[in-house]
Amino acid sequence: MRSRVPYPMIHWRTPRACDIDRSRTAVYSEDGHKQTMRIGRWAALTVVLVGVLGWYTWSRPGPNLLLITVDALRPDRLSCYGGSIQVATLNRLAAEGVLVRDAVTDVPWTTPALATILSGVDVSRHRLRLPEQALADGFETLAQRLQQAGWNTAAVVGAYPADRSTGLARGFAYYDDRYNAPMEYPLARVSRVPRRHFDDLDAAREYHARKVVADSYRTDGAVTDAATAWLARHGGGRFFLWVHYFGAHEKRDQRHAIGVEIETLLNTYPQAVERVDDEIGQLLAALAQRGWTDRTLVVVLGDHGQSLMEHDALGHGADLYEPSLRVPWLMRFPARLAPGQQIAKARTVDVVPTVTALLGVAAPAAAMGRDVFAEPAAGDAYAETYLPATAVLSTTVTDGDTAVRLGFVRRAWRSAPWKFIRSEPSPLLDTKSPPPVPETVRTQNVREELYNLDSDPAETTNVIATQPQIAEQLRQRLQAHVAAGGA
């Protein structure tokens, strides 16, 4: 942090009495001499005024950025989006700021979804597709850009999918990723698993499986405490604080039968959402106590959604239906944004260009999104998931009399009102030297879906057979986007 000095550095030189042309002073009359002295006094006063103004401006804590991401948060369940779960904090943010009515992620699981939010580059380019991977060094993050521009950068994250090993910590001067509880409770207690990196796929997969049932998560209250403690230590100047809550993400329990677990998770989802809303309220109160509300851009959004037994699925990551892809997105910035605004459409890849524009900083050169306040809504959106091509989410199919363990890569193209989804068989990507997919198995298991989201928002009727031209148009757009990303 910069040390405080009596006057800030300025980039121009103020005239002083001794700078006045001595030859002109020598021929001045007494009145001229008084005028010279008067100029000198005004010059000195100017230095003082500029110094005071500069010190006041530098010492004010802003413009700041508080980015809050919440795991598995569905917009349609929130009261600010017309849902039944009462979220007083998010309601207030929507009233005091901006709400995006239809925001979507490009990948329905945490690590790559956060990579898109923090880099402004979508998953077809950053290609973070497996839990064992990390964001490549070549992608500049929002934290790096703001750190270079003079912001103090810090992050507090609540679960292992945002661990520093994923590459998401790049650009943060302070990164708090401490966990003390399992994301998935095991049958028997598992001791702490120290952070490790494995180049070997099988070893990495085994490590991640052990980490999930060991120390991989902390409560939302603990996240708030750590974030407010950092705010208390922050002495001044501009800051970027990212806070990631595990929030409404399911916390599985191997000790329960599947039916009991599903019922429990469905029943506790509203309470989990209300709890994280309360924690966000506590964090915003800590901001207000320091007088930083007006000068801080607050951005709250989900990293991805959550299926709650739509299409017989509970959770996220395996499919590309709307419950997994749609996210809430709210912004408040009293210094720049009028209250009560709504934006029709946005993608999480738009976060970086929107935020940097509001803060007056250039977006990273590779950022693909748009400033949602400056450009028309994007009509198209890409999404993908490679998780079904991993061992834990693979599917058993038959090839004649032979059972084949098969992975799937799923990609989608969303172009209102249509949504096209293509699922293609794949070898298991998190396994060393997986056997290739037999051609007969591949052709028999390719699946394509087409939905009209206006007339069928629940995506219950696949109309691909009756809309072949629409399907072909979206198939071509999808293929062109994937090819452009080198995927």
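Trainee: What covers the buried residues of α4?

Mentor: In this predicted model, the cover over the buried residues of α4 includes β1 (64-70), α5 (123-126), α6 (142-148), β5 (239-245), β6 (296-302) and α11 (351-359). Contact means heavy atoms within 4.5 Å, and buried means under 20% relative accessible area, exposed over 50% and partly exposed in between, with a 1.4 Å probe and protein chains only. Helices (H or I, at least four residues) and strands (E, at least two) are DSSP runs, numbered from the N terminus.

Trainee: And how many residues of α4 are buried?

Mentor: Ten of the ten residues of α4 (residues 110-119) are buried, so the helix is largely enclosed by the rest of the structure. Among them are Thr110, Pro112, Leu114, Ile117 and Ser119. Just after α4, Gly120 takes a positive phi of about 75°.

Trainee: Before I go on, what should I keep in mind about numbering and confidence?

Mentor: Residues are numbered from 1 along each chain as its sequence is written, and side-chain values use heavy atoms, leaving out hydrogens and water. Because the model is predicted, local features need pLDDT of at least 70 and side-chain atom pairs count only at pLDDT 80 or more, whereas totals for chains, interfaces and linings use all residues.

Trainee: Switching to aromatics, how many pairs are there in the whole structure?

Mentor: A search of the whole structure finds ten aromatic pairs, where rings of Phe, Tyr and Trp (its six-membered ring) pair if their centres lie within 6.5 Å, with planes under 30 degrees apart counting as stacked, over 60 as edge-to-face and the rest as tilted. In one of them, the ring centres of Tyr175 and Trp242 are 6.4 Å apart and the planes stand at 50°, so the pair is tilted. Tyr175 belongs to strand β4 (residues 174-176) and Trp242 to strand β5, so the pair ties together parts 67 residues apart in sequence.

Trainee: Are those two buried or exposed?

Mentor: Both Tyr175 and Trp242 are buried, and together with Phe172 and Phe240 they form one aromatic cluster.

Trainee: What about Tyr321 and Tyr451, how are their rings arranged?

Mentor: Their centres are 6.2 Å apart and their planes at 75°, so the pair is edge-to-face. This pair links distant parts of the chain, 130 residues apart, with Tyr321 in the loop between β8 (314-315) and α10 (322-325) and Tyr451 in strand β16 (residues 447-452). Tyr321 counts as buried at 12% relative accessibility, and Tyr451 is buried with a relative accessible area of 3%.
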